[in-house]
Amino acid sequence: MMTVRRIVMALWSIVLVSAPALAFQPPPQSEFVPVTELPAGDQLPAAPYLIAAYVFVWLAVMLYLWTIWRRLNKVEADLRTLEQRQQAAPR
Amino acid sequence: MFLRTALLVLRKDFAIEMKSLEVLLTTLFFAVSCVLVFAFAFVKDGRAPEDAAAGILWIAIAFAGTLALGRTFERERYSETLRALLLAPAPRAALYVGKLLGMLALLGVAEGLLVPLVAFLFQASAWFSRPLLLLAVLVGGTVGFAAVGTLFAAMLVRARSRDVLLPILLYPITIPVIIGGVRGTAALLASPADEVTATMWIGILFAFDVVFVTLSLWTFEPLMTE
Amino acid sequence: MRKMFTPLLVIVAAMFAAAPIMIAQAPFESTMGLIQKIFYYHVPAWMAMYSAIAVCGVASAMYLFKGRTDADGYAVSAAELAVVFGLIGLVTGPLWGRKAWGVWWQWDARLTSALLLELIFVAYLMVRKFGGPGSEKLAAATALFGTATTPFVYKSVDIWRTVHPKTSVVPMLANSMPGAGRPFALSSLAFILLFVVLLTLRVKLARQQHTLDELYLAQEDR
């Protein structure tokens with residue numbers, strides 16, 4: 001439980017740390033280097049895709065961690081209820 | 001003992017089926033409807049796209065096969081005969097082989113109808129110029145599909161949502177069979193027939209069959225035991 | 001394993017913090033430019049997925065043939081992780097492809113095989129969820145068959161695709177880009193360690209659930 005919380009905090013701090021790091025990329029070229037396989041004129045900006053990819057990775061991992069946290073909470077609550085019930089029940 | 005048990009199971013299923021021909025006839029008719037649906041989906045200006053015949057044939061086999069698997073084991077579940085079979089002092093794997101042989105027979109009859117029908121509707125008579133290769137592709141693909149399908153259908157007999165779980169489990173795992181079957185039969189449609197490609201796919205299909213029949217024989221016992 | 005958890009966690013966190021810096025400083029690949037940098041997350045995600053599949057396959061075999069119930073916990077955890085990392089790969093792949101090749105999806109052999117594997121392990125999770133009692137064994141069989149079919153899937157999709165004209169191939173970057181080695185190694189290691197951390201957590205959850213189930217059963221028996 002505590003460990004999950006610690007992990008979530010650690011990962012969020014990484015996100016905050018890496019944001020300025022990502023900003024320090026080599027200065028973008030004014031004209032994107034033409035990709036030889038693409039037909040001419042089909043020049044999509046790359047940055048949105050790159051950022052979307054990285055954001056998705058973070059989101060997916062965070063979301064998964066959150067589901068584990070939620071389920072772990074529920075199971076531990078159920079375990080505690082059961083233990084209490086066992087102690088309260090007449091032997 | 002093993003072979004005898006397997007053949008006994010096969011005979012039992014055959015005898016039950018012969019009484020009403022229920023599974024056979026409904027499966028055949030379903031396969032034909034499948035082919036017609038695909039015809040209306042793909043035929044444009046009176047012609048289907050190239051190689052569509054191969055794809056349509058194998059999709060019809062896959063769909064009809066899934067239905068047939070479900071129905072055959074539903075029959076077992078309904079009369080609780082599967083439990084009786086498992087209680088019998090017979091090697092479990094022999095039960096699997098018996099069921100598999102029954103399934104192969106059913107699919108064999110279905111393909112006997114489907115292949116000429118598809119060839120007729122989609123101008124694929126080139127298939128019959130290489131009958132042995134065509135047969136090899138059909139056997140290789142059908143055995144692979146039926147081997148995995150019989151195991152999964154048997155193991156899902158007591159599960160909830162078994163009707164929809166069977167295709168969900170079966171199709172991704174038997175994709176190599178579909179690819180091999182379609183590409184193999186499509187190679188035979190080329191003019192002249194591309195025997196090299198067809199033979200290559202036949203090899204892959206038979207490798208698949210060996211691996212998966214073996215795996216099914218191994219896992220049948222632990223799966224069916226409670 | 002328990003005592004290593006927190007230091008492992010710190011290491012993973014540090015690696016993920018360092019990764020963007022190293023990736024940003026890596027040289028541009030000549031034909032694809034900026035978008036190629038997705039590769040530093042995309043390929044390690046696949047590596048994590050294949051590790052998860054291997055763990056799931058082995059654990060399922062041990063559960064099915066040896067009856068080890070703790071193996072079942074590992075199997076379901078690894079399957080969930082295979083789905084998560086597979087999803088990461090399947091989203092970053094098309095994002096890369098859209099920029100590099102112009103289309104979102106063009107039935108590339110690797111992506112298609114990965115999609116099929118993803119489907120197989122989603123099916124695993126569905127069996128566990130909707131299969132009713134005794135679904136652990138059914139799921140274990142699914143994982144086994146899924147793992148066994150992986151080489152066949154890859155081979156047949158590969159041959160299927162080489163007949164069609166290739167619009168582009170993911171180049172082997174290690175040779176053409178000497179500066180790419182270190183960020184790539186770091187990312188790979190980071191993802192593998194992340195996989196280990198997540199697996200440990202999820203297995204703990206599985207164990208707790210198992211304890212809970214046993215307690216419920218014991219109560220009913222009284």
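Begin by selecting helix 7 of chain B in this predicted model, and colour its buried residues: B:Arg162, B:Leu165, B:Leu166, B:Leu169, B:Leu170, B:Tyr171, B:Pro172 and B:Ile173.

Within chain B, the buried residues of helix 7 pack against helix 3 (52-78), helix 6 (131-155) and helix 8 (175-189). They also pack against two helices of chain C, namely helix 4 (109-130) and helix 5 (135-162).

Now select the whole contact between chain B and chain C. Chain B contributes 24 residues and chain C contributes 28. On the chain B side, helix 6, helix 7, helix 8 and helix 9 (195-224) each supply at least two residues. Which helix of chain B gives the most to the side that touches chain C? Select helix 9 of chain B: with seven residues, helix 9 gives the most. Colouring the chain B side by class shows 18 nonpolar, three polar and three charged residues.

The crossing of helix 3 past helix 5 in chain B is right-handed.

To see the contact itself, select from helix 3 of chain B the residues B:Ala53, B:Ile56, B:Leu57, B:Ala60, B:Ile61, B:Ala64, B:Gly65, B:Ala68, B:Leu69 and B:Thr72. Their partners in helix 5 of chain B are B:Met103, B:Leu106, B:Leu107, B:Ala110, B:Glu111, B:Leu114, B:Val115, B:Val118 and B:Ala119. By class, the residues of this contact between helix 3 and helix 5 of chain B comprise 16 nonpolar, two polar and one charged.

Keep helix 5 of chain B selected and follow its length. Its 30 residues should span 44 Å at 1.5 Å a residue, and the end C-alpha atoms lie 43 Å apart, which agrees. After helix 5 of chain B comes B:Gln123, with a positive phi near 55°.

Finally, select chain A. Its secondary structure consists of two helices and zero strands. Of the 91 residues of chain A, 13% count as buried.

Terms used: Residues are numbered from 1 along each chain as its sequence is written. Chains are lettered from A and ligands numbered from 1 in the order in which they are written. This is a predicted model: local features need pLDDT of at least 70, side-chain atom pairs count only at pLDDT 80 or more; totals for chains, interfaces and linings use all residues. A residue is buried if 20 or more other C-beta atoms lie within 10 Å of its own, exposed if 12 or fewer, and partly exposed in between; C-beta atoms are placed from the backbone. Helices (H or I, at least four residues) and strands (E, at least two) are DSSP runs, numbered from the N terminus. Two residues are in contact if their C-beta atoms, placed from the backbone, lie within 7 Å. Ala, Val, Leu, Ile, Met, Phe, Trp, Tyr, Cys and Pro count as nonpolar, Asp, Glu, Lys and Arg as charged, and the others, Gly among them, as polar. A crossing is left-handed if the near helix is turned anticlockwise from the far one by less than a right angle, and right-handed if clockwise. The expected span of a helix is 1.5 Å times one less than its number of residues.
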